[in-house]
Structures are given as C-alpha cells and as structure tokens.
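Here are my notes for when you have the model open.

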Amino acid sequence: MNGDIGMENAIQVEGLQKSYKKLHVLKGVDFEAKRGSIFALLGSNGAGKTTIIRILTTLLTQDSGTAIVNGFDVVKSPDDVRQSISLTGQFTAVDEMLTGRENLRMIARLRHLDNPGGIADALLGRLGLTDAADRRVGTYSGGMKRRLDLAMSLVGKPSVIFLDEPTTGLDPEGRLEVWDMVRELATGGTTVFLTTQYLDEAEKLADRIAILHGGRIIADGTLSELKKLFPPAKVEYVEKQPTLEEIFLHITGEAADTKEEN
C-alpha cells in the first residue's frame, strides 16, 4: 500500500546531491514522475543516471535532498519503498541453469507469495514465453532473456518499475519487444522510470523526458515541450522537425558553453 494513494506523483525528487570522494556527481537534482507514466532520464555516460536509480531504489543514500517513492521517503521508510518497487538493471539477472518457469517460481517464493506456480504461468503467458517455459534459460535469445528478466520484475505487481538501460546489447527485434512491454506496463497503470542512452527509445516511449547534465536536470518536459527549446528551422519548402538526439546535443552543448563562460 502506498504512503499516500492520493498522490499524483509516484516519484518526487528535490535537491538531490551525491558525491564520491572529490567527485560531485549530483548537484541538486529535481524532478517528478506521475503515476502510470513512462518517465525517461537521459544523460551521457557518467552523468549520474544509475546513481539516481540506486538512490531511488534504496541501494544508495544521498548526501542531501529528498526522494519520495510511492509516498515513502527512501531514507526514512526504505522497507516500504522496496515492497512497492522493482528494479531491472543493465544486465539480465536470470539463472541460466534453470528454466524460465523455475526462475519465476523462485522469485515468487522469495517474495513469500501464494501459488508461485500460478504466478509463473500467468507471467509466462503475459510475456509470450509459454512455449519456452520449460527450456533452460541458457538456450534463450537475448530478447527472450530480457523478457524473462522483466517478468521476474513483475512478480508481486510492483507499482513502480525502474529500468536501467533495459535494451543495452539487444538486437533491433529484441529492443522492439522490450518497447512493447514497457508500453503495456504503463497502460496497465504501472509507473516506469527508464534510463537509456538510446535517444530514439525515449522519443518513442516516454511521456516525459528529463536531461541530466553537469549534475543537474537542465531540461524536463514532454517531447513537444523540449522541441520548443531547439532553434527554429529555416523554412524553405518543408520545416524539418528536430529529433530528440538533436535536441539533446543542443541543450547539453549550451550547458557546457555556459559552464565554460562561468
């Protein structure tokens, strides 16, 4: 049960700061993600995306600032946060010696849920893995392993799922499969917090996009709102709409120029 089921935001972050020795990674991060939405956090390698996810999932403690997930403070009520979320990292966390069904039953038992077999069967069907349910996961394709990894994240019906670069290393077909699943989750009311290096991924999936650069959120909005930050195109015959990649490079480049001037 959420700390405040009436809250519009599933995630609320204010003034988040984190340093590793002399490296100041987060310098006052602010953003919010609405319930049932897909929120994408963009940033270059080393920008601090994974650090934010680790803080929001209670795996790391911030130096200052507040982070509220499902109405619970990640520092004051970490157990409540953990019970209502799930995390899928950059690399699949499946046991390749077990079958798909055995992996899911194991997670259900670890969560102390009733009827682990029924839970496994339902998720195998939902993720299109029924035909491969009794095969060892080591024989699965990359896309199938990622689908199983996501299915394991759905055990217990968490209301917020964190996906840290979920399509890294997948072929185009595998990426499309994951995209379809992310859309289905949001349609079903699950809040999806997504980090990605693939800008087309955020462009296709996200309801709201935040760009992390220099330890801060330098832009936050819908794709349409971010497009307004891009210089207007010179109209000749047809106005070319900027891609999210062009917007990202423009915004982060401006931020870097401003930093050098200061």
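1. Some ground rules. Helices (H or I, at least four residues) and strands (E, at least two) are DSSP runs, numbered from the N terminus. This is a predicted model, so local features need pLDDT of at least 70 and side-chain atom pairs count only at pLDDT 80 or more, while totals for chains, interfaces and linings use all residues. Residues are numbered from 1 along each chain as its sequence is written, and side-chain values use heavy atoms, with hydrogens and water left out.

2. Start with helix H1, residues 49-56. The helix is mostly covered, with 6 of its 8 residues buried; buried means under 20% relative accessible area, exposed over 50%, and partly exposed in between (1.4 Å probe, protein chains only). The buried ones are Lys49, Thr51, Ile52, Ile53, Ile55 and Leu56. Just after H1, have a look at Thr58, which takes a positive phi of about 70°.

3. Now stay with Lys49, which sits in H1. Is Lys49 buried or exposed? Lys49 counts as buried because its relative accessibility is 5%. Setting aside neighbours within four places in sequence, Lys49 is in contact (heavy atoms within 4.5 Å) with Leu41, Leu42, Gly43, Ser44, Glu165, Thr195, Thr196 and Leu212.

4. Glu165 lies in the loop between strand E7 (160-164) and helix H6 (172-187). Its phi is positive, about 50°, although Glu165 is not a glycine. With a relative accessible area of 7%, Glu165 is buried.

5. Asn70 also has a positive phi without being a glycine, at about 55°. Look for Asn70 in the loop between strand E4 (64-69) and strand E5 (72-73). Its relative accessible area is 0%, so Asn70 is buried.

6. Next, the nonpolar cores. A nonpolar core here is a set of buried Ala, Val, Leu, Ile, Met, Phe, Trp, Tyr and Cys residues joined through side-chain atoms within 4.5 Å. The largest has 47 residues, and the members touching the most others are Leu42, Leu104, Leu148, Leu163, Val182, Ile209 and Leu244. There is a second, separate core of 29 residues, which includes Ile11, Phe31, Val74 and Phe193. In soluble globular proteins, nonpolar side chains tend to be buried together.

7. What does Ile209 touch, leaving aside its neighbours within four places in sequence? The contacts are Ala40, Leu42, Ala202, Ala219, Asp220, Gly221, Leu223, Leu226 and Leu244.

8. On to helix packing: two packed helices are described by the angle between their axes and the distance between the axes. Axes are lines fitted to C-alpha atoms, for helices over the stretch in contact, and angles run from 0 to 180 degrees between N-to-C directions. H3 (residues 100-110) and H5 (residues 142-154) have axes that come within 9 Å and cross at roughly 25°. H3 and H5 are therefore roughly parallel; angles under 35 degrees get that label, over 145 is roughly antiparallel, 65 to 115 roughly perpendicular and the rest oblique. At this contact, Gly100, Asn103, Leu104 and Ile107 in H3 meet Leu148, Ala151 and Met152 in H5. By class, these are 5 nonpolar, 2 polar and no charged, where Ala, Val, Leu, Ile, Met, Phe, Trp, Tyr, Cys and Pro count as nonpolar, Asp, Glu, Lys and Arg as charged, and the others, Gly among them, as polar.

9. H3 also packs with H4 (residues 116-126), the axes coming within 8 Å and crossing at roughly 130°. H3 and H4 are therefore oblique to each other. Gly100, Arg101, Leu104, Arg105, Ala108 and Arg109 in H3 meet Pro116, Gly117, Ile119, Ala120, Asp121, Leu123 and Leu124 in H4. This contact has 7 nonpolar, 2 polar and 4 charged residues.

10. Finally, Ala120, which belongs to H4. Ala120 is buried, with a relative accessible area of 0%. Not counting residues up to four places away in sequence, Ala120 touches Arg101, Leu104 and Arg105. For a distance check, the C-alpha atoms of Ala120 and Leu205, 85 residues apart along the chain, are separated by 27 Å.
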